[in-house]
Amino acid sequence: PAGSTETTLFLLSLCRIMLPQVLLPATTALGTLEQDGRKAGVLAGCNVIMPNLSPMTVRKKYMLYDNKAGTDITAAQGIALLRQQMEEIGYTVVVGRGDFPKEAIL
């Protein structure tokens with residue numbers, strides 16, 4: 001059977017506990033399964049959200065699955081939405097590479 005959002009969030013939380021320094025993404029797929037899926041992913045321990053920055057004119061070439069969330073809004077609208085969603089749960093979006101210092105990785 002197909003997996004569930006609940007199982008995915010549980011497994012993400014286990015990954016966070018087992019690998020505290022890992023970059024763990026709340027994926028677009030989570031946001032496609034549930035409207036607040038990426039928020040739930042962050043609350044489960046994810047610390048990365050990757051916005052869709054592809055130009056609208058080429059997005060359909062990169063569709064990995066049907067009904068992918070965020071494909072009908074511009075990159076600027078998507079970033080604004082992510083900022084709003086993260087603020088709703090007490091987080092601030094930081095723009096950068098997100099590298100961990102070498103000494104933090106065990």
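**View 1. Order of the elements along the chain.** Read from the N terminus, the elements of the protein follow the order α-α-α-α. The protein has four helices and zero strands; helices (H or I, at least four residues) and strands (E, at least two) are DSSP runs, numbered from the N terminus. The model is predicted, with local features needing pLDDT of at least 70 and side-chain atom pairs counting only at pLDDT 80 or more, whereas totals for chains, interfaces and linings use all residues. Residues are numbered from 1 along each chain as its sequence is written, and side-chain values use heavy atoms, without hydrogens and water.

**View 2. Extent and burial of the protein.** Along the principal axes, the C-alpha atoms of the protein fill a box of roughly 40 × 35 × 25 Å. Of its 106 residues, 22% count as buried, that is, under 20% relative accessible area (1.4 Å probe, protein chains only).

**View 3. Contacts across the sequence.** Contact means heavy atoms within 4.5 Å. Among contacts in the protein between residues at least 6 apart in sequence, 50% join residues at least 24 apart.

**View 4. Charges of the protein.** The protein carries 10 positive and 9 negative charges, and their mean positions lie 10 Å apart. Lys and Arg count as positive and Asp and Glu as negative, while His and the chain ends are not counted. Each charge is placed at NZ of Lys, CZ of Arg, CG of Asp or CD of Glu.

Methods:
Buried means under 20% relative accessible area, exposed over 50%, partly exposed in between (1.4 Å probe, protein chains only).
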